[in-house]
Amino acid sequence: MKASMISKLSIFTILSFLLCISLYAQEAQKPSPAASAKGEINGADITINYHSPGVKGRVIWGDLVPFGKVWRAGANDATTFETSKDIKVEGKTLPAGKYSFFIIPGEEESVFIFNSVAKQWGAYDYDASKDVLRVNIPSEQTSTMEERLVYEVVDDGFEVRWEYGKGKVNIQ
């Protein structure tokens, strides 16, 4: 009787382990998996949560993501930006809190937008009257291809990179 229970327990453990591996593999295979970038800038904890789509052979800037239109800055839910303290973004004050983050990409210059409605699906219900802060930053090109959208918190701000495009905002 005891051997039978141990055997059932072993089978249950193995099946549970296989289920966990399967769920992990499914998340890794999603077209736009969830991702986050975290760091500290001048004592403020910064967290950026987003979904990371892939290039998959497509032209991104000016095509898949049109110039001059509000973009959710990722896939699925709107990207969120959270700061634990008041910070200065390109010299303008952004109070501590959680925001949805949007970008209006441009060939020469892009607009980074911090919006007070943190939980949104894409940019479908984006309302400019809820913007807390907008900053203009230079649109840059890199020689390095970034297959997946990536955000990175650096010592003096954060970067967003995808395909051959890059934008960096300074934070104090």
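Four strands each supply at least two residues of the lining of the second largest pocket: β7 (109-115), β8 (131-138), β9 (140-154) and β10 (157-170). The model is predicted, so local features need pLDDT of at least 70 and side-chain atom pairs count only at pLDDT 80 or more, while totals for chains, interfaces and linings use all residues. Residues are numbered from 1 along each chain as its sequence is written, and side-chain values use heavy atoms, leaving out hydrogens and water.

**Overall build**
- Helices (H or I, at least four residues) and strands (E, at least two) are DSSP runs, numbered from the N terminus.
- From the N terminus, the order is α-β-β-β-β-β-β-β-β-β-β.
- Of the 172 residues, 39% count as buried. Buried means under 20% relative accessible area, exposed means over 50%, and partly exposed is in between (1.4 Å probe, protein chains only).
- The accessible surface comes to about 9900 Å², and 55% of it belongs to carbon and sulfur atoms. Areas come from the Shrake-Rupley method with a 1.4 Å probe.
- Take the contacts between residues at least 6 apart in sequence: 54% of them join residues at least 24 apart. Contact means heavy atoms within 4.5 Å.

**The second largest pocket**
- This pocket holds about 220 Å³ of space. A pocket is an open set of points on a 1 Å grid over the protein atoms alone, where a 1.4 Å probe fits, with protein on both sides within 12 Å along at least five of seven lines.
- The pocket is lined by 17 residues. Lining residues have an atom within 4 Å of a point.
- Trp 61, Gly 106, Ser 110, Ser 139 and Lys 166 lie nearest the pocket centre.
- β10 gives the most to the lining, with four residues.
- The lining divides into eight nonpolar, six polar and three charged residues. Ala, Val, Leu, Ile, Met, Phe, Trp, Tyr, Cys and Pro count as nonpolar, Asp, Glu, Lys and Arg as charged, and the others, Gly among them, as polar.

**Nonpolar cores**
- The largest nonpolar core has 33 residues, and Phe 81, Tyr 151 and Phe 158 have the most contacts inside it.
- Elements giving two or more residues to this core include β1 (34-41), β2 (44-51), β4 (87-89) and β6 (97-104).
- Another core, of six residues, lies apart from it; Ala 78, Phe 102, Val 111 and Tyr 126 are among its members. A nonpolar core is a set of buried Ala, Val, Leu, Ile, Met, Phe, Trp, Tyr and Cys residues joined through side-chain atoms within 4.5 Å.
- In soluble globular proteins, nonpolar side chains tend to be buried together.
- Leaving aside neighbours within four places in sequence, Phe 158 is in contact with residues including Ile 48, Phe 81, Phe 101 and Tyr 151.

- Thr 79 is in strand β3 (residues 79-83). Thr 79 counts as buried because its relative accessible area is 0%.
- Not counting residues up to four places away, Thr 79 touches Ile 48, Tyr 99 and Tyr 151, among others.
- Asn 136 lies in strand β8. Asn 136 is partly exposed, at 44% relative accessibility.
- The C-alpha atoms of Asn 136 and Glu 109 are separated by 6.5 Å, though these residues are 27 apart along the chain.

**Positive phi**
- Most residues other than glycine have a negative phi.
- Glu 90 has a positive phi, near 50°. Glu 90 is found in the loop between β4 and β5 (92-94), and is partly exposed at 32%.
- Glu 163 has a positive phi, near 55°. Glu 163 is found in strand β10, and counts as buried at 13%.

Technical notes:
Points joined across faces, edges and corners; volume = space filled by probe spheres on them.
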